Each structure stands twice: as C-alpha cells, then as structure tokens.
Amino acid sequence: MKNPDPKTSAALITDSKQQNDSDLETLQKLLVGIDREQAQDVFARVQQLDRRSDDIYEVLVDAVSKLNPDEQSKVMEHLSSVAATSLKTSIRNDPDNVTEIVYPIMLPAIRQAVADSMRSALERIDNMFKSKLSPQSIKWRIEAQRSGVSYAEVLLRNTMHYGVEQAFLIDKKSGLLMQHVSALSGSQKDEDAVSAMFLAIERFVKDSFSEDDDALQRVTIGERLVYLAHGPHALLACVVKGTPPADFLENVQSTLETIHAAEPDTLKEFSGDRDTLASINPVMSELLELDFDEKEEASDGFSDKATIGMQLAAIAGLLLLSYLWFQGMQGKRVDQYMHELNSNQHIQVYNAEKRGGIWELKGIIDPSGATPAGIAHSAFVNEPKVVLQLTPVRFLNAGTADVADSN
Amino acid sequence: MITKKICIIGDFAVGKTSLINRFVDNHFSEEYLTTVGVKLDTKELVTSTGTDIKLVIWDIAGADELTTAKRSYIDGASGYILVYDISRPKTLVSATNLQGSVVEEIGSVPFVLVGNKNDLEAKAPEPDADLIDKSCHQLKTSALTGDGVADVFQALAEAVVAG
C-alpha cells in the first residue's frame with residue numbers, strides 16, 4: 001500500500017477545513033445571522049467616536065427634556081460649577097466678547113440706577129427750595145403745578161440753559177470719525193482731526209490716571225463741556241455750551257445704544273467710509289435738539305414780552321399795595337393823635353381831613369388850659385404833614401364853650 | 001471719500017513734525033506733542049486709481065521705543081511712516097526697533113521707510129535689507145527743502161487703499 005503524499009494530504013485537510021468553515025458560517029447565518037449583524041453594529045457604534053457622539057447627543061437631549069423638577073435641580077447643581085469655571089475662563093480669555101454680550105443688558109440697568117439716584121437728589125433739592133420764597137419762585141411754583149412736574153425740575157429747567165453744538169460718533173479703535181452733526185454755522189476746526197483728538201485725550205487720561213476700565217466721561221473747556229458716552233465699538237462725544245441737566249449723559253448714552261443696536265456690524269467693521277453709516281445721521285441730529293432755551297419757554301406761553309409785562313404788573317401791584325398800606329398806617333396815626341388830643345379836657349378836635357397830602361385837624365381849645373403848639377409837639381412828634389387848626393374858646397363846663405377868639 | 005488713520009513714528013528730532021508741517025492742510029498746535037504725546041493733522045489726496053482719501057495723521061512724540069500710551073495711539077492705524085535721520089546712525093537702529101514694536105501691536109500694515117534730512121551729510125548706513133523688504137517704499141526726504149515729502153504720503157496712501 002502506497003503511503004499518501006503528506007503535501008497532498010495537508011492540502012486536502014485545508015480544503016476540507018475551509019469547506020467546513022464556510023458551512024459553519026452559512027449555518028451561523030441561518031441560525032443567528034440577524035443577531036450577529038446587530039452585534040457588529042453595536043461594536044462599531046462603541047468604537048467610532050463620531051457615532052458615539054451622535055448617540056450621546058440624542059440620549060442627552062431626550063433625557064434632559066424628560067427631567068422632572070427635582071432631577072432638573074440636581075443636574076443644575078452638578079453643572080453650575082462647571083459652567084461658572086467655563087464662564088470665568090471665557091471672560092479671562094476674551095473680555096470684549098462678554099462685554100459685547102452684556103452691554104445691552106447692563107447699561108439700561110446702570111442708567112436706571114443713575115436715574116433713581118438723580119431723582120432722589122432732585123427731591124432733596126425740591127425740599128430745600130420749598131422753604132424759599134421769591135416772586136420768581138412763586139412763578140415757577142405755579143408753572144410746576146400747572147405742568148405737573150416737581151418744582152426742582154422747573155427750577156433746573158429755568159436756571160440751566162444749554163445747547164448741543166456738535167456731536168461726533170468716533171471709532172473706538174482708530175479715532176476715525178464715523179458721523180458728525182453740528183448746529184454751528186461757518187467754518188469749524190477739521191472734524192476728523194477733532195474726532196481723533198478726542199480719542200487721543202481719552203486714551204491719554206485713561207493711561208495716565210486709571211488702571212481699570214474707567215472711562216473719561218466729561219471734559220470742561222471754558223464755557224463748553226464735552227460729554228463722552230462709551231459703547232463697544234464707538235464713542236459719542238457731544239460738545240455742549242451752557243449747563244445741561246444731570247441726566248444729559250444718560251440721554252447721550254441712550255442714543256449711542258440706539259446706534260449700536262441699529263448698525264452693530266457696520267460699526268464693528270468700519271473702514272473709513274462714512275456713507276456706510278449715513279442712516280444714523282437723523283438719530284444723531286436729535287441730540288442737537290436736546291436743549292432748554294428761550295424757544296421752549298416761548299412754547300410754554302411765556303415769551304420774553306409776556307414775562308416783562310408780568311414783571312411790570314407785579315411791580316405796579318406792589319407799589320399800589322405799599323401806597324394803600326402807607327395810607328392806612330397814616331390814618332391810624334392821625335386817629336391816635338386825635339384821640340390823644342381829645343383826652344385833654346381843654347381841647348376838642350371834631351374833624352380830620354386830608355388835603356393835598358396834608359392832614360388838617362379842626363377843633364376848639366381853651367387857651368387857659370393848654371397851648372396848641374405844646375400839645376402838638378408832645379402828642380405827635382416830628383409830623384410836618386399834620387396842621388392843627390384850633391379855635392380858642394373858653395370852656396364853661398364839659399360839653400359847652402364860648403367862642404373867645406378866631407385862629 | 002474714505003478716511004484712513006496713519007501714524008508717523010521715529011526717534012527724537014528726526015524731523016517727523018517738520019515733514020507733516022510741509023504737507024498737511026490742517027494742524028493743531030505742536031504743544032499737544034509735549035502734553036498729550038500726540039498731534040493730529042489731516043490731508044486729502046487722490047490716489048492713482050482715482051480714490052479720494054483723507055489721511056488723519058497721528059504724529060506721535062519722538063521716542064526710541066513705544067511706551068504703553070504710544071502703543072494705544074497706534075491702534076487702528078491703516079499704515080505708518082517710519083522716519084530716521086540719515087545724519088544720525090542711532091536713529092536707524094531706533095526705527096528698526098520701533099517697526100518691530102508696531103508689528104507686535106497692530107500686526108503687519110503698510111509702511112514707508114523714510115530717511116529724512118537728505119540735505120545733510122549721510123552718516124547712517126543703508127537700512128537692512130529685511131527692513132526694506134518689509135516696507136512698501138523706501139524714500140529719502142528733506143523737510144527743509146520739501147524734497148520727496150509729498151511722495152511719502154502719496155506712496156502710503158496708495159498702499160493703504162490697495163490694502
């Protein structure tokens with residue numbers, strides 16, 4: 001018997017094994033094919049990071065949406081420290097980004113706080129001035145009652161005249177002028193150079209005196225004030241002549257917020273072309289109308305002529321009152337004088353009449369008892385406007401007399 | 001018309017303010033240089049492509065290095081003029097250092113390298129090739145005679161508009 005070739009045998013065994021494997025695989029597919037595919041899919045999902053992320057996202061969203069209030073508070077408790085740390089890191093890395101986010105929320109709150117503070121200051125001033133009395137204050141008090149505003153507000157309005165001469169919208173980064181409005185006529189200093197100078201001064205002051213993010217808000221130049229409102233991308237500088245009310249900067253800040261809200265991207269990407277911001281010119285022009293001058297007084301019905309007329313009428317009234325008071329006082333003194341004369345038993349005054357500004361007192365006197373000059377001197381000292389006309393008679397007894405002589 | 005901010009920087013007494021005074025339309029008092037550390041001037045130009053441009057020129061007080069305040073003045077500039085005095089070699093060294101500081105502050109923007117006081121004997125060597133390569137133009141000027149002054153601003157305006 002011939003021994004089989006070992007190589008041939010091995011080949012036959014291999015073929016047989018492959019056949020068996022193939023059969024076994026077929027059998028496996030028939031028996032557990034679907035489960036196996038699913039298992040492979042599960043393995044793939046676990047091993048592939050992007051598929052795992054997708055799964056977690058779906059599960060997480062679903063789980064969060066199904067949380068009850070107790071579970072929600074537990075989740076928030078665990079996430080809060082992570083969120084706080086994340087926020088801190090974000091602020092530290094890019095503070096401008098956070099400033100931009102909170103700017104629309106924080107500034108109105110700050111303005112509200114400032115407004116409250118100003119209101120309380122006005123109330124204190126109001127109380128202080130309530131104790132004062134002058135013709136002008138009476139007029140303003142009437143105006144306050146008529147218009148329904150506080151007396152302090154009317155007082156400030158009437159004593160603080162001002163006008164906004166120019167307003168500059170300035171790129172916060174470069175100092176380039178974005179928009180400019182002016183109430184002045186005639187030649188002015190180059191507005192582009194002025195705009196840049198405002199930013200230079202602002203930076204100089206900030207670098208020199210402030211280590212924090214404190215910003216320059218007001219500059220006094222003679223009788224003019226420059227108010228600077230600060231936004232994320234722009235400064236708004238208003239040149240004011242006179243003394244504006246305390247809430248003026250608040251108004252300027254509010255205008256700047258409106259501008260930022262209207263054109264956030266154009267402001268951020270400003271490249272020196274002013275035409276791209278032409279739409280905000282009307283908003284800035286409104287700043288030029290923020291004043292309380294003669295025009296406003298006239299619109300309230302108090303023109304200059306009317307005011308002068310009222311003042312003259314008040315003076316005439318006061319003069320009339322003074323005259324009547326003086327006359328009353330003089331009559332009272334004459335009555336008193338007559339009373340004193342009549343208290344003397346040798347004198348009887350029966351008439352007092354005023355002629356040409358001089359009082360004439362008529363009566364009778366008993367020369368044996370008194371002299372008219374002596375009585376006049378003692379009873380009514382230094383009174384040149386009183387003339388005493390007494391007819392000398394001899395009194396027989398009380399109530400009757402004989403005429404002795406004519407004066 | 002578009003408006004662009006440019007700066008003029010260089011060591012003490014290299015002639016920056018004299019260059020500007022030779023050229024600008026409007027300028028503030030030079031007292032600002034000693035008080036605030038910067039002076040503002042403007043000049044309107046038309047580029048070769050027909051673009052109307054107004055340059056707002058920040059004349060920054062002379063120094064061999066940029067202080068914090070001066071760094072903030074450079075912020076937002078579209079280009080700058082780097083000036084040295086050809087009769088003082090030290091000012092060229094300062095100009096090279098200043099150029100590095102400006103790049104740190106605002107990145108790479110066009111600049112014109114200017115060797116001023118061309119009317120005097122040149123003692124400073126030619127600038128390094130590296131500095132010349134970085135500049136968009138290299139020019140020699142004399143603020144005293146006015147030679148080449150307008151070309152400096154025109155060249156920078158062209159470079160700034162070209163972006």
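Predicted model: local features only at pLDDT ≥ 70, side-chain atom pairs only at ≥ 80, totals over all residues.
Select helices α8 (residues 248–262) and α10 (residues 281–288) of chain A: they pack with their axes 10 Å apart, at an angle of about 175 degrees. Angles over 145 degrees count as roughly antiparallel, so α8(A) is roughly antiparallel to α10(A). Show side chains for V252(A), T255(A), T258(A) and I259(A) on α8(A), then V283(A), M284(A) and L287(A) on α10(A); these residues make the contact. Sorted by class, the contact of α8(A) with α10(A) has 5 nonpolar and 2 polar residues, and no charged ones.

Chain A has a mean pLDDT of 78, with 78% of its residues at 70 or more.

Chain A has an open sheet of 5 strands, ordered β2-β1-β5-β4-β3, with antiparallel pairing. Its edge strands are β2 and β3 (218–221) of chain A, each pairing on one side only. From one strand to the next, the twist averages 15 degrees.

Select strand β1 (residues 162–171) of chain A, then strand β5 (residues 234–242) of chain A; the two pair in the antiparallel sense over 9 bridges. Within this pairing, F168(A) has A237(A) as its bridge partner, and G163(A) stands opposite K241(A).

Helix α7 (residues 191–209) of chain A touches β1, β2, β4 (224–230) and β5 of chain A, and its direction makes about 80 degrees with that of β1(A). Returning to α8(A), the helix touches β1, β4 and β5 of chain A, at about 40 degrees to the direction of β4(A).

How many residues of β1(A) are buried? The count is 10 of the 10, so β1(A) is largely enclosed by the rest of the structure.

Finish with β2(A). This strand runs antiparallel to β1(A) and is joined to it by 5 bridges. Select L169(A) and its bridge partner in β2(A), Q179(A). The two strands, β1(A) and β2(A), form a hairpin with 5 residues between them. In the turn, pick G175(A), which has a positive phi of about 85 degrees.

Key. Residues numbered from 1 in each chain as written. Chains lettered and ligands numbered in written order. Heavy atoms only, no water. pLDDT = per-residue confidence, 0-100. Axes fitted to C-alpha atoms, helices over the stretch in contact; angles between N-to-C directions. Helix = DSSP H or I, 4+ residues; strand = E, 2+ residues; numbered from the N terminus. Parallel < 35°, antiparallel > 145°, perpendicular 65-115°, else oblique. Contact = heavy atoms within 4.5 Å. Nonpolar A, V, L, I, M, F, W, Y, C, P; charged D, E, K, R; others polar. Pairing = 2+ DSSP bridges. Buried < 20%, exposed > 50% of the residue type's maximum accessible area, 1.4 Å probe, protein only.
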